[in-house]
Amino acid sequence: MTLLGDEITRAESLAEVAELIRGCERCRLCQGRTHTVPGEGNPRARLMCIGEGPGANEDETGRPFVGAAGKLLDQILGAIDCPRESVFIANIVKCRPPQNRKPLPDEATACLSFLHRQIALVQPTVLLAMGGTAAEWLLGVKQSLGHLRNQVHRYGSIPLVVTYHPAALLRNPNWKKPTWDDVRIARQLLEL
Ligand code: SF4
């Protein structure tokens, strides 16, 4: 089914967005998926966490951030008193890119309408972009993560903080300290 952007914009609930994603063939990533991974969490979340795209575990289960990176994300969220069930977690693309490669520009572009609609429906107080891909597509800028983190950006009127993707932290534990600094900024924004 080729969805038009209008149909996505008209979706009135997160469940309706997830249903549209389930049948989506807007980009080539539909060809290799086992399950779509629309995102999940509190529909009234004050914090929304955005990653890059589903990996093997996510494709298998249809859920975002399961597996080792998901466990680490749970720990990070717990450390700022935002347990997973209180937040909404989603990705830039909703189907797994082959070999976990970065989504191609046309794939991210095709999929972004879903995320924009999810953000509009959840209306979070703060957005946390995890990793360079999430930052790039939410902010519309192409800069290094080191340059973008540790400050407050805007997605429309919503404050947005950029930090490392949990999967990157698993590869490089030296990034844990800066990640902690970033999520504390997000926590402080929630308290304003
Ligand atoms: S990645 Fe997004 S745009 Fe591409 S097929 Fe999946 S849901 Fe559709």
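Modeller: I begin with helix H9, whose face turned away from its buried side carries the exposed residues Lys 177 and Glu 191. This is a predicted model, in which local features need pLDDT of at least 70, side-chain atom pairs count only at pLDDT 80 or more, and totals for chains, interfaces and linings use all residues. Residues are numbered from 1 along each chain as its sequence is written. Helices (H or I, at least four residues) and strands (E, at least two) are DSSP runs, numbered from the N terminus. A residue is buried if 20 or more other C-beta atoms lie within 10 Å of its own, exposed if 12 or fewer, and partly exposed in between, with C-beta atoms placed from the backbone.

H9 comprises the 16 residues 176-191, and its first and last C-alpha atoms are 23 Å apart, close to the expected 22 Å; the expected span is 1.5 Å times one less than the number of residues. The buried residues of H9 are Thr 179, Asp 182, Val 183, Ile 185 and Ala 186. Viewed down the helix axis, these buried residues fall within an arc of 145°, so they line one face of H9; the arc is that of the directions from the helix axis to the C-beta atoms. Their cover includes strands S2 (47-51), S4 (126-130), S5 (152-155) and S6 (158-163), as well as helices H4 (68-79) and H8 (166-171).

The strands named in that cover belong to an open sheet of 6 strands in the order S1-S3-S2-S4-S6-S5, with mixed pairing. Its edge strands are S1 (40-41) and S5, each of which pairs on one side only. Two strands pair if DSSP finds at least two bridges between them. S4 pairs with S2 in the parallel sense over 4 bridges, and S4 and S6 are likewise parallel, over 4 bridges. S2 is also joined by 4 bridges to S3 (residues 88-91), and that pair runs parallel.

S2 is mostly covered, with 5 of its 5 residues buried. Leu 47, Cys 49 and Gly 51 are buried on one side of S2, and Met 48 and Ile 50 are buried on the other. Two residues are in contact if their C-beta atoms, placed from the backbone, lie within 7 Å. Setting aside residues up to four places away in sequence, Ile 50 touches residues that include Ala 90, Leu 115, Leu 127, Ala 129, Ala 134 and Leu 138. Ile 50, Leu 128 and Ala 129 touch the most other members of the largest nonpolar core, which has 51 residues; such a core is a set of buried Ala, Val, Leu, Ile, Met, Phe, Trp, Tyr and Cys residues joined through C-beta atoms within 7 Å. Helix H5 (residues 105-122) contributes the largest share of this core, 6 residues.

In S4, attention may turn to Leu 127. Leu 127 counts as buried because it has 25 C-beta neighbours inside 10 Å. Beyond its neighbours within four places in sequence, Leu 127 is in contact with Met 48, Ile 50, Leu 138, Tyr 155, Ile 158 and Leu 160. Leu 127 and Ile 158 are separated by 31 residues in sequence, yet their C-alpha atoms are 7.0 Å apart.

Leu 138, one of those contacts, is among the buried residues of helix H6. H6 (residues 132-139) lies across S2, S4, S5 and S6 and runs at about 130° to S4; axes are lines fitted to C-alpha atoms, for helices over the stretch in contact, and angles run from 0 to 180 degrees between N-to-C directions. In H6, 7 of its 8 residues are buried. These buried residues pack against H5 and helix H7 (145-148) as well as S2, S4, S5 and S6. Just after H6, Gly 140 adopts a positive phi of about 70°.

Asn 150, in the loop between H7 and S5, has a positive phi of about 65° although it is not a glycine. Asn 150 counts as partly exposed because it has 13 C-beta neighbours inside 10 Å.
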